[in-house]
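Hello,

Here is the structure I said I would pass on. Please open it first, then read the notes below with it on screen.

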Amino acid sequence: MSELTYAEIDQTVLDTLSPPSGGYWLLVMVLILGVLTGAACWAYQIFTGIGVGGQNIPVAWGTYLINFVFWVGIAHSGTLISAILHLFRAGWRNPIARAAETMTVFAVCCAGLFPFIHLGRVWQVYYMIPLPNQRLLWPNFLSPLIFDVVAISTYLTVSALFWYTGLVPDLAVVRDRSTGLRHRIFRVLSLGWTGAHHQWLNYSRGYLFFAALATPLVISVHSVVSWDFALGVVPGWHTTIFAPYFVAGAIHSGLAMVLTLMIPLRRIFRYEAIITMNVLENVAKTIVLTGLIVGLAYGTEFFIAWYSRNPVEMESFYLRVTGEYAFGFYFMALCNVLIPVLLLFKAVRRSIPSLFTISLVINFGMWWERFVIIIGGVAHDFAPHSWGLYAPRPVEYGVMVGSFSLFFLLFLLFCKHLPSVSMTEMKETVSHAG
Amino acid sequence: MPADTQLLGLFKDEAKAARAIQELAPAGFQFRRAHSPIPSHRILEVLKLTKGPVGWFTLAGGIIGFFTGFALAIFTAVQWNLIVSGKPIVSLIPFFIVGFEFTILFSVFGNVVGLLVCSRLPDYRGLETYDPRCSGEHFGVLAACDTGRKGELMDFFQKKGGEVRVFE
């Protein structure tokens with residue numbers, strides 16, 4: 001990586017902005033179809049009623065909430081990579097920081113849609129916002145659901161501003177190497193950035209503060225999401241371990257998604273000289289760590305249920321491994337803890353097919369983890385007469401397809417229209433290495 | 001006599017650019033700006049610049065946000081004085097979460113405002129005396145002199161190992 005010159009870095013990244021092939025547009029069309037499927041399902045639900053989904057009493061939170069937590073989780077590693085690793089001066093994050101930050105912004109957008117979808121009467125969404133109104137009705141700031149509104153909207157705003165701030169010097173590079181309409185657009189977007197000394201002086205300082213502020217924010221956001229559950233009295237939810245457990249799980253799934261996106265990106269855009277095998281290996285090592293933390297959290301939940309001697313709690317965890325949703329538990333244990341342990345072996349860590357496969361497996365497992373937590377808890381709460389089962393209905397599958405399509409569509413559009421690797425940070429890496 | 005000609009010295013080497021900046025004033029030329037593709041600590045050292053004032057904006061934003069978050073939660077709670085789940089009307093511990101999130105949010109707003117104000121962005125007029133190579137691999141030093149000394153300044157930059165671009 002240190003052998004690259006500044007010009008080569010610019011050229012490699014700018015080459016990715018060349019006019020896309022027919023295959024790219026075909027993929028875009030397929031994803032647009034997916035988004036339209038999701039939108040149509042949501043529209044059908046709005047006109048027909050929330051009952052078209054599989055939610056019921058007692059399982060009132062179905063895949064909409066699972067997907068919400070899943071996407072918030074995916075969003076976390078972007079901030080981990082761009083902010084926390086920036087504070088630790090981990091140089092290996094530079095090639096993947098931009099794509100990870102972008103992933104964060106798009107994942108929060110997808111996550112933010114689900115409370116709207118789950119709301120049913122979406123036109124009443126403004127009740128979640130503290131707007132002055134004639135009836136003097138205000139959100140209840142004692143409710144974890146309102147904590148969530150505050151935390152997620154803060155996270156979306158902060159991560160979008162962080163992302164754009166990081167982009168500005170690179171937008172100037174594109175402006176300086178383009179002509180015509182693209183030049184005019186990037187001239188406006190880059191805010192007239194010239195890399196003047198006073199700009200860099202304040203930019204470096206401001207970026208550092210961004211990183212310092214985003215770090216506690218990222219930890220708080222998934223903690224707040226976990227309190228949606230932990231502050232309820234439902235067995236399997238009401239536990240103090242949820243905040244660190246959710247944060248570790250979020251970073252675990254987010255890092256896996258980074259690999260899922262980076263590996264094809266590296267191949268398609270010929271980023272091998274920039275996103276080196278060492279970078280991917282470092283992500284894999286971090287996944288081993290987060291996987292072990294997640295495994296410890298799974299084990300601790302069972303231990304505490306047993307140690308508490310609380311019959312309802314014990315029953316809940318007994319049903320987690322033997323009940324109707326036991327398959328979900330085995331998926332999550334296998335995919336999130338046991339399979340990632342294979343990354344301890346160097347040969348697995350340095351094999352692209354293995355890395356890509358394991359990243360997909362973790363994404364799958366983390367979705368099931370949220371299923372087990374969200375559905376399993378309320379399906380078997382205190383009294384057997386109120387137990388119930390849940391299975392997603394076609395409308396929910398459609399919305400899920402729509403959210404995944406939206407995420408990949410936005411990422412695909414980003415890759416071809418904005419610099420997907422930070423040229424400035426890569427040049428800094430080269431400069432320090434040289 | 002006012003300096004009315006601006007010349008941009010373009011250097012491929014950061015150290016040469018820093019040396020040129022250092023020697024501009026003793027040679028009787030006015031230093032205007034330095035451009036670089038990356039944050040250059042060497043240039044900032046020569047200019048004796050250590051920290052930008054952005055942090056003060058961030059701090060101000062954070063303080064405003066902290067009190068705004070608490071004030072919003074308390075204000076809305078006392079509108080109805082309704083006890084929910086047996087908790088006090090003004091419950092500081094849950095309200096701390098709102099205060100914390102607002103602290104971060106407003107700190108970031110302060111940070112962005114500070115960044116824009118201190119970096120004087122957006123600044124499209126700055127592009128008039130700028131060379132696109134400065135975002136690639138060149139370090140630019142913009143200096144000014146009287147029209148009569150234009151040749152001297154050109155020689156100065158060339159002797160320091162740079163290319164020269166003139167802005168009349």
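**Sheet and helix in chain B**

In chain B, B:Thr5 has B:Cys145, a residue of β3(B), as its bridge partner. Keep in mind that this is a predicted model.

That bridge belongs to a strand pair. Strand β1 (residues 5–11) of chain B runs antiparallel to strand β3 (residues 139–145) of chain B, and seven bridges join them. As background, strands of a sheet pair through backbone hydrogen bonds, either parallel or antiparallel.

The pair is part of an open sheet of four strands in chain B, with the order β2-β3-β1-β4 and antiparallel pairing. Which strands stand at the edges? They are β2 (30–35) and β4 (163–167) of chain B; each has a single partner strand, so one side of each is left without a neighbour in the sheet. From one strand to the next, the twist averages 25 degrees.

A helix also packs on this sheet: α5 (residues 150–159) of chain B, which touches β1, β3 and β4 of chain B. The direction of this helix makes about 10 degrees with that of β1(B).

**Chain B as a whole**

Chain B has five helices and four strands. Read from the N terminus on, the elements of chain B follow the order β-α-β-α-α-α-β-α-β.

How does the radius of gyration of chain B stand against that of a compact globule of 168 residues, and what is it? Chain B has 25 Å, whereas such a globule would have a value near 15 Å. The C-alpha trace of chain B spans about 80 × 30 × 25 Å along its principal axes.

Of the 168 residues of chain B, 43% count as buried. Among contacts in chain B with a separation of 6 or more, 84% are between residues 24 or more positions apart.

**Where chain A meets chain B**

The last part concerns both chains. How many residues of each chain take part in the contact? There are 49 residues of chain A in contact with 53 residues of chain B.

On the side of chain A that touches chain B, four helices of chain A each supply at least two residues: α1 (6–15), α5 (144–176), α7 (197–230) and α15 (423–433). The largest share comes from α7(A), with 17 residues. Sorted by class, this side of chain A has 27 nonpolar, 17 polar and five charged residues. Note that the α5 named here is in chain A, while the α5 that packs on the sheet is in chain B.

Regards

Note on methods
Residues are numbered from 1 along each chain as its sequence is written. Chains are lettered from A and ligands numbered from 1 in the order in which they are written. This is a predicted model: local features need pLDDT of at least 70, side-chain atom pairs count only at pLDDT 80 or more; totals for chains, interfaces and linings use all residues. Two strands pair if DSSP finds at least two bridges between them. Axes are lines fitted to C-alpha atoms, for helices over the stretch in contact, and angles run from 0 to 180 degrees between N-to-C directions. Two residues are in contact if their C-beta atoms, placed from the backbone, lie within 7 Å. Ala, Val, Leu, Ile, Met, Phe, Trp, Tyr, Cys and Pro count as nonpolar, Asp, Glu, Lys and Arg as charged, and the others, Gly among them, as polar. The radius of gyration is taken over C-alpha atoms; the globule rule is 2.2 Å times the number of residues to the power 0.38. A residue is buried if 20 or more other C-beta atoms lie within 10 Å of its own, exposed if 12 or fewer, and partly exposed in between; C-beta atoms are placed from the backbone.
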